[in-house]
Amino acid sequence: MKALVLNGKEDMTLQDVEVPMIEEGTQVLVKVAYCGVCGSDMPRFFEGAVHAFPQILGHEFSGIVTEIGSQVTRSVVGDRVVVAPLTVCGKCSQCMSGNPQMCEDYGFIGSHQAGAFAEYVVVPQENIIKIPDTVSLKEAALIEPFTVGLHAIERFRIKADGRILVLGAGPIGLLTVAALRARGVGEIIIVDLNDYRLEFAKTIGVDKVLNPTKVNLAEWFAKHGFADATFETAGNPVTQVQAIEFTKKKGQVVYVGTSEKDVVFPAKVFEQIFRKELLITGSMMSYSAPFPGYEWTGTLDYLQREMINLAPFITSIYQLEDEARPFYDSRKRDSKEVKVLYEVGGES
């Protein structure tokens, strides 16, 4: 089969490799239809942040079941599916307590094991979620990143008329907006440096967009009021500090983005945590019990009820033959990409 193989930093080439084989009776072979490029794939490609080389990346994917193990009961050949990429042991204290995202012996498709920048991938049957015929395989490839946003907004109880701040208009930030709108909230404000993404944010229900190169954020929030709840999705040390600054007294802060640099809180900002009595939490991936969780079934329900539309988030589609081009295109400062996909097998 064809697969994009990462051999080292910025060294990813299309190769012919063996089709993976089912090694356990509870495994399923999936023919990949579409696979998204995630922000977490960027350090894997540009910095070599994988567990071992060579590796096949890709974890936001949809496909069709082509083979099942002898003990599989949850899927049949021909099922159109989306795949939850986290693999869990199901036996540790966290799994047994209903927190699979905290599994003490987890794996991850596209990082710990071969992923979906390939024509086929083997996955455990419990990671398979069948999708209805009304949902395209292309749109289904965005289910995984949407569930990340959905999991994040469930970390706190948010009032229906709440003022919400989202820091970062990358794919996760924008999909968090979509989840907030589907759940029903009041005003949504989003902050980002990319004007194209800010304009896109308006089309999916954001009420106010702010570019910090054009607006003094501290002055704006002091004048117009702080947020009831803030979602930090950029993973930037600057916005991770601002999340505390721009949240009101008794407010809530959810950290979603992963920082690659040290985060330093000035003393006066850190002091706001207790002076405001802020509630602060993190949001780890998108799983709950029973695995993979309500985030996945809830997203399918939203799609079937047409409460969300993920198709507009897809801005470019590449082929495996394009190799690393989507990585470089997405990293351009003036990039107009929101979500990019590799088309592998397509809809058939």
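Helix α8 (residues 237–245) and helix α9 (residues 267–275) have axes that come within 9 Å and cross at roughly 45°, and the two helices are therefore oblique to each other. Oblique is what remains once angles under 35 degrees are called roughly parallel, over 145 roughly antiparallel and 65 to 115 roughly perpendicular; the axes are lines fitted to C-alpha atoms, for helices over the stretch in contact, and the angles run from 0 to 180 degrees between N-to-C directions. Helices (H or I, at least four residues) and strands (E, at least two) are DSSP runs, numbered from the N terminus.

This is a predicted model, in which local features need pLDDT of at least 70 and side-chain atom pairs count only at pLDDT 80 or more, while totals for chains, interfaces and linings use all residues. Residues are numbered from 1 along each chain as its sequence is written, and side-chain values use heavy atoms, with hydrogens and water left out.

Where α8 and α9 meet, Val-241, Ile-244 and Glu-245 of α8 are in contact with Val-269, Gln-272 and Ile-273 of α9, contact meaning heavy atoms within 4.5 Å.

Helix α7 (residues 217–224) has Leu-217, Trp-220 and Phe-221 buried, where buried means under 20% relative accessible area, exposed over 50% and partly exposed in between (1.4 Å probe, protein chains only). Seen down the axis of α7, these buried residues fall within an arc of 90°, so they line one face of the helix; the arc is that of the directions from the helix axis to the C-beta atoms. On the other side of α7, Glu-219, Ala-222 and Lys-223 are exposed, and the cover over its buried residues includes β10 (164–167), β11 (188–191), β12 (208–210) and α8.

Most residues other than glycine have a negative phi, and most peptide bonds are trans. The table lists backbone features to set against that background.

| Residues | Feature | Value |
|---|---|---|
| Phe-53 and Pro-54 | cis peptide bond | omega about -5° |
| Phe-291 and Pro-292 | cis peptide bond | omega about 5° |
| Lys-250 | positive phi | phi near 65° |
| Glu-323 | positive phi | phi near 50° |

Pro-54 sits in the loop between α1 (41–46) and β4 (60–68), and Pro-292 in the loop between β15 (279–282) and α10 (294–304). Lys-250 belongs to strand β14 (residues 247–255) and, at 60% relative accessibility, counts as exposed.
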